[in-house]
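Please look over the fold before reading on. The notes below go point by point.

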Amino acid sequence: MRDIREAMEDLLSEEGLAELNLLLRIREEWPSIVGEDLSIKTTPYRLEGEVLHVAVDSHATAQDMHYQEEKIKERLEGVAAREVRKISARKLNLKKRFSP
């Protein structure tokens, strides 16, 4: 018997929303991918092909993401089950754009 996650993944793939589903999975696992401290200052917000776009709270955080990019990409491979070749960090107002 299939679980709900598998059924939703199939449905989203059929509707052409596979990347959205993958982004949601990455956001769910983000603290374990980048660590608690960095996850508070960052939010993945778009996946375009092999590029993950991440909103950061400051230029210093963007630099931290850059230094850790290879390690983050390795961890993403385990979650995403596909290669992310580039992480694009952009300073955005996280509270305005991504708060519930």
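1. In which sense do β2 and strand β3 pair, and over how many bridges? β2 and β3 (residues 86-91) pair in the parallel sense, over six bridges. Strands here are DSSP runs (E, at least two residues), and helices are runs of H or I with at least four, numbered from the N terminus. Two strands pair if DSSP finds at least two bridges between them. In β3, R90 is the bridge partner of A55.

2. A word on the source. This is a predicted model: local features need pLDDT of at least 70, side-chain atom pairs count only at pLDDT 80 or more, and totals for chains, interfaces and linings use all residues. Residues are numbered from 1 along each chain as its sequence is written, and side-chain values use heavy atoms, leaving out hydrogens and water.

3. Now the other partner of β2. Strand β1 (residues 42-48) pairs with β2 in the antiparallel sense, again over six bridges. E48 stands opposite V51 of β2. Two residues lie between the strands of this hairpin, and G49 takes a positive phi near 60°.

4. Strand β2 (residues 51-56) is mostly covered: five of its six residues are buried. Buried means under 20% relative accessible area, exposed over 50%, and partly exposed in between (1.4 Å probe, protein chains only).

5. E50 sits in the loop between β1 and β2. Its relative accessible area is 38%, so E50 is partly exposed. E50 and E83 are 33 residues apart in sequence, yet their C-alpha atoms are 6.5 Å apart in space. Beyond its neighbours within four places in sequence, E50 is in contact (heavy atoms within 4.5 Å) with E83, V84, R85 and K86.
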